[in-house]
Amino acid sequence: MTVPAQVAFQASAPSPAPVRVIAVASGKGGVGKTSVSVNLAMALCNAGQRTLLLDTDLGLANIDVMLGLSPRFTLADVFAGRCELRDTLLEGPRGLWVVPAASGKRHMTELLPQQHVGLVHAFSQLDVPLDVMVVDNAAGIADGVLTFCQAAQDVIVVVCDEPASVTDAYALIKVLSRERGITRVQVLANQVQHTGEGRQLFDKLERVTSKFLDVTLSYLGAIPRDEWLRRAVQRQEAVVDAFPSAPASVAFRDIARRASQWQSPPGPRGHVEFFMERLIAPTGASARSAA
Ligand SMILES: Nc1ncnc2c1ncn2[C@@H]1O[C@H](COP(=O)(O)OP(=O)(O)OP(=O)(O)O)[C@@H](O)[C@H]1O
Ligand SMILES: [Mg+2]
């Protein structure tokens with residue numbers, strides 16, 4: 001990994017306003033995290049927010065495929081020392097910034113501490129002014145997923161109407177709450193087939209979390225199961241761009257509008273540098289939250 005302190009330091013002023021970091025996770029695979037991340041990021045971007053979409057799924061990366069981008073370098077190349085982080089930055093559709101991952105590579109948690117540090121420096125040197133960063137996570141509850149969620153200000157947990165989705169979402173929320181000290185989670189129902197289904201899924205999850213966990217769930221809304229979204233995936237475009245009046249697009253714009261209104265938590269959280277710094281201190285943070 002190239003440590004950016006060794007390269008010519010760019011005299012870029014740090015971004016004055018905090019960057020809002022939103023992590024998207026689910027526990028179960030295939031429920032729609034990447035579709036949500038891509039369309040939420042695109043909708044925020046279309047609404048005038050300077051947005052970066054970060055793919056952290058080093059095992060099964062696919063944001064670049066979903067958006068029809070051809071990355072020359074990915075995060076995996078940064079870790080292998082073949083390039084610097086700024087070389088991975090792609091300008092996607094309508095000015096959306098994308099940092100792609102790479103399929104079949106090592107997991108974030110397998111990286112050495114000095115590589116983590118290098119990544120922190122690399123992110124803090126990215127001289128791209130940002131308002132929002134959307135972080136797409138891998139499935140499961142591996143350490144890397146928990147750490148990215150812990151480092152973000154807001155966590156969106158995506159669920160759909162399958163028993164395994166709800167139990168896996170609960171398992172994820174449980175470890176986030178008990179091991180990583182997360183106290184609030186936004187729940188987004190995906191692929192709903194009728195009005196009311198999303199709220200029912202939320203209520204199911206809420207009943208059990210309020211009984212056993214010290215975490216506040218908020219209902220962010222629902223995205224319908226939408227054939228237009230599948231067609232957009234085939235076209236390698238975000239549905240909000242390819243088919244703006246499709247039901248899923250309308251729902252994504254609504255979610256983006258609500259996400260833009262979230263209040264920033266007090267304190268220094270929010271800078272990308274801070275986000276990255278939190279990524280390298282999961283053990284201390286877990287120890288604190290477990291105490
Ligand atoms: N609202 C929706 N309507 C119709 N199809 C959808 C919807 N959301 C997701 N899909 C489809 O479901 C499939 C899985 O979606 P996606 O890749 O976003 O899930 P994921 O949670 O990121 O998966 P993984 O866990 O493998 O990363 C995709 O083929 C996508 O087109
Ligand atoms: Mg995915």
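Let me begin with a definition: two residues are in contact if their C-beta atoms, placed from the backbone, lie within 7 Å. Among contacts in this chain between residues at least 6 apart in sequence, 79% join residues at least 24 apart.

What we have here is a predicted model, in which local features need pLDDT of at least 70 and side-chain atom pairs count only at pLDDT 80 or more, while totals for chains, interfaces and linings use all residues. Residues are numbered from 1 along each chain as its sequence is written, and chains are lettered from A and ligands numbered from 1 in the order in which they are written.

The chain has 13 helices and 8 strands, these being DSSP runs numbered from the N terminus (helices H or I, at least four residues; strands E, at least two).

Turning to one helix pair, H6 (residues 143–151) and H7 (residues 163–180) pack at an angle of about 70°, with their axes 11 Å apart; the axes are lines fitted to C-alpha atoms over the stretch in contact, and angles run from 0 to 180 degrees between N-to-C directions. H6 and H7 are therefore roughly perpendicular to each other, a term that covers 65 to 115 degrees. On the H6 side the contact is made by Leu 146, Cys 149 and Gln 150, and on the H7 side by Val 175, Leu 176, Glu 179 and Arg 180.

Finally, which residues come nearest to ligand 1? Of the 20 residues around ligand 1 (C-beta atom, placed from the backbone, within 6 Å), they are Gly 29, Gly 32, Thr 34, Ser 35 and Ala 139.

Key
Angles under 35 degrees count as roughly parallel, over 145 as roughly antiparallel, 65 to 115 as roughly perpendicular and the rest as oblique.
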